[in-house]
Amino acid sequence: MPTLVAVPTLTKNEDRVLERVPDEYRHYFNGRVPVPFTKRRWEFSGEPVSVPLVRAFLETCAAGRDSDYQYVLTLLGAELATNAIRHSRSGEPGQTFVVRVDRGPNGLTVTCRDNGTPVSALKDEGGQLFAAPPEERLTAEDGRGLALIDSFATTWGDNGHPSIRKVWFHLAYDMTGSSWPAA
């Protein structure tokens, strides 16, 4: 069983990100067992300082589940957010991305909608995202985050659309089939 590393809490500077959250929505980020929900979404600024807030959002959505489940959901969701900031127009000044969590009877589905591929990076008219092949995962420049998602999520995919990309994963409450315990 892998050793869990504690997810850092918001630092003093990062805590200022919460100032942008209206009081009536602070419970989305408090880490306590959430009010029952079917769908929960939040629009984040496309800045690296938003990633700890994404983590707090996801931890709260998974609160009440075991620590492995919370950790894996938060890790994978933070990877999607980081990719949105680093590899899409959402990371450009003034841009945003949206994280949505859907609760189903068997697990949680996390979807990250970003503002698409930067025009300067478009090579094709779209196409789907792929994790680095297993033999390249440790040395690949990119795709290691998607490799984590590919390894630990129950299922994942994307809409293949370059202008508004939606990347999603589903993590079943029963992680027996996941490679997480073997990592």
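Helices (H or I, at least four residues) and strands (E, at least two) are DSSP runs, numbered from the N terminus. The model is predicted, so local features need pLDDT of at least 70 and side-chain atom pairs count only at pLDDT 80 or more, while totals for chains, interfaces and linings use all residues. Residues are numbered from 1 along each chain as its sequence is written, and side-chain values use heavy atoms, with hydrogens and water left out.

Begin with the whole protein chain, coloured by secondary structure. Four helices and five strands are present, and from the N terminus on they follow the order α-β-α-α-β-β-α-β-β. Of the 183 residues, 45% count as buried, that is, under 20% relative accessible area with a 1.4 Å probe, protein chains only.

Next, select helix α4, residues 144-152. Which residues of this helix are buried? They are Gly145, Leu146, Ala147, Ile149 and Phe152.

Keep α3 and α4 in view and hide the rest. The two helices pack at an angle of about 145 degrees, and their axes lie 9 Å apart; axes are lines fitted to C-alpha atoms over the stretch in contact, and angles run from 0 to 180 degrees between N-to-C directions. Show the side chains of the contact (heavy atoms within 4.5 Å): α3 contributes Val72, Leu75, Leu76, Glu79, Leu80 and Asn83, and α4 contributes Gly145, Leu146, Leu148, Ile149 and Phe152.

Note on methods: Buried < 20%, exposed > 50% of the residue type's maximum accessible area, 1.4 Å probe, protein only.
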